[in-house]
Amino acid sequence: MEKLIITAALTGAEVTREQQPNLPITPDEIADAAFECAKAGASIVHVHGRYDDGTPTQDKEIYRQIINKVRERCDVIVQVSTGGAVGMTAQERLAPVTLKPEMATLSMGSVNFGNDVFMNHPDDMDIFATTMKDLGVKIEYEVFDTGMITTVNRWLKKGLITAPLHVDFVLGIPGAMAGTPEALMYMRSQLPAEASWTVAGIGAAQLPLATMAIILGGHVRVGFEDNVYYRKGELATSNAQLVERVARISREHDRAVATPDEARKILGMPA
Ligand code: KMH
Ligand code: ZN
């Protein structure tokens with residue numbers, strides 16, 4: 001089986017310091033967390049910008065600082081969010097992509113997101129996809145519900161997006177697809193041939209779905225964006241602690257963990 005790519009989703013847009021006291025917020029804190037996660041086995045870090053007071057932002061300068069500071073510390077792949085936070089405009093959300101990061105996310109449809117609606121108009125999705133392609137940014141397709149994997153397949157057929165595809169199943173958001181084994185098996189069954197996939201289980205779904213991905217040949221995303229607990233009632237001490245556990249479980253299954261360069265190769269990215 002090919003090596004396991006671990007993505008650390010360090011900060012997100014929704015989690016607060018009240019919920020997780022060790023949440024990295026500033027570019028320095030995010031870069032430190034990225035370094036610790038890379039040491040623990042992460043080959044990708046998924047990053048969101050925040051102002052110092054914790055407010056989510058897609059400010060290009062903040063992302064520039066994050067990318068530069070991570071690069072100074074380690075070779076981990078930096079994947080910027082274009083999801084940003086609910087309510088941001090598409091133009092705002094796309095700003096960090098103009099920095100030509102190695103990788104960026106692209107949400108494949110609209111969905112209820114807790115008590116909010118996460119809007120992704122097809123015209124905006126098309127602009128995001130075209131911009132990323134033109135700038136040579138590797139896309140990770142974010143799939144929150146079944147219609148979105150159907151859209152991935154439809155767009156691939158129409159030539160709006162091109163292989164090699166890498167898809168992230170985000171499972172367990174209230175309002176979207178459940179974080180269950182059955183949901184993951186269905187999503188995987190709908191994947192285009194040859195596409196690679198990763199799973200981000202939300203909350204208590206994080207560990208069981210990560211374990212499934214290790215066994216099934218998928219890849220894994222963990223981190224405070226998706227889950228702040230180590231186990232029920234016990235907060236994780238760091239993002240790296242969550243990465244470390246997945247790396248350990250993978251090795252126990254005789255599945256080695258990919259370095260950033262190995263991850264680039266698996267995903268068809270330039271070295
Ligand atoms: N914050 C969510 C509304 C992404 O990063 O691409 C969207 C999100 C997806 O986090
Ligand atoms: Zn995100």
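Colleague: Are His46 and His48 buried or exposed in this structure?

Modeller: This is a predicted model, and in it both His46 and His48 are buried. The cut-off behind that word is a relative accessible area under 20%.

Colleague: Let us turn to the helices. How should I read the packing of α6 and α7?

Modeller: As a general idea, a packed pair of helices is described by two quantities, the angle between the axes and the distance between them. Here helix α6, residues 181-189, packs against helix α7, residues 206-216, at an angle of about 40°, and their axes are 10 Å apart. That angle is why α6 is called oblique to α7, and the crossing in which α6 passes α7 is right-handed.

Colleague: Which residues make that contact between α6 and α7?

Modeller: From α6 come Pro181, Leu184, Met185 and Arg188, while α7 supplies Leu209, Met212 and Leu216. Sorted by class, the contact of α6 with α7 has six nonpolar residues, no polar ones and one charged residue.

Colleague: What does Pro181 touch, leaving out residues up to four places away in sequence?

Modeller: Pro181, which is found in helix α6, touches Leu209 and Met212 once those sequence neighbours are set aside. Its relative accessible area is 42%, and therefore Pro181 counts as partly exposed. To place Pro181 against another part of the chain, take Val152, which is 29 residues away in sequence and whose C-alpha atom is separated from that of Pro181 by 21 Å.

Colleague: At what angle do α7 and α8 pack?

Modeller: The angle for α7 and α8 is about 35°, with the axes 10 Å apart, and the crossing of these helices is right-handed. On the α7 side the contact is made by Gln206, Leu207, Ala210, Thr211 and Ile214, and on the α8 side by Leu242, Arg245, Val246, Ile249 and Ser250. Those residues divide into six nonpolar, three polar and one charged.

Colleague: Which residues is Leu207 in contact with, apart from neighbours within four places in sequence?

Modeller: Leu207 is placed in helix α7 and, apart from those neighbours, is in contact with Arg245 and Ile249. With a relative accessibility of 30%, Leu207 counts as partly exposed. The C-alpha atoms of Leu207 and Arg221 are separated by 9.8 Å, the two residues being 14 apart along the chain.

Colleague: How would you describe the crossing of α1 and α2?

Modeller: The axes of helix α1, residues 27-40, and helix α2, residues 60-73, cross at roughly 35° and come within 8 Å, and α1 passes α2 in a right-handed crossing. Among the residues that meet are Ile30, Ala31 and Phe35 in α1, and Ile62, Ile66 and Val70 in α2. By class this contact has eight nonpolar residues, one polar and four charged.

Colleague: Now for the backbone. Where is the cis peptide bond involving Pro164?

Modeller: The cis bond joins Ala163 to Pro164, with omega at about 0°, and Pro164 has its place in the loop between α5 (146-158) and β10 (166-171).

Colleague: What is the phi of Lys100, and what is that of Asp254?

Modeller: Lys100 has a positive phi of about 55° although it is not a glycine, and Asp254, also a residue other than glycine, has a positive phi near 65°. Lys100 lies in the loop between α3 (90-94) and β6 (103-107), whereas Asp254 is found in the loop between α8 (239-252) and α9.

Colleague: Why are Lys100 and Asp254 assigned to their accessibility class?

Modeller: The class of exposed residues begins over 50% relative accessible area. Lys100 has a value of 52% and is therefore exposed, and Asp254, at 75%, is exposed as well.

Colleague: Where is Lys265, and is it buried or exposed?

Modeller: Lys265 is found in helix α9, residues 260-267, and at 72% relative accessibility Lys265 counts as exposed. The C-alpha atom of Lys265 is separated by 31 Å from that of Ala178, a residue 87 positions away along the chain.

Note on methods:
Residues numbered from 1 in each chain as written. Chains lettered and ligands numbered in written order. Predicted model: local features only at pLDDT ≥ 70, side-chain atom pairs only at ≥ 80, totals over all residues. Heavy atoms only, no water. Axes fitted to C-alpha atoms, helices over the stretch in contact; angles between N-to-C directions. Helix = DSSP H or I, 4+ residues; strand = E, 2+ residues; numbered from the N terminus. Parallel < 35°, antiparallel > 145°, perpendicular 65-115°, else oblique. Left-handed = near helix turned anticlockwise from the far one by under 90°. Contact = heavy atoms within 4.5 Å. Nonpolar A, V, L, I, M, F, W, Y, C, P; charged D, E, K, R; others polar. Buried < 20%, exposed > 50% of the residue type's maximum accessible area, 1.4 Å probe, protein only.
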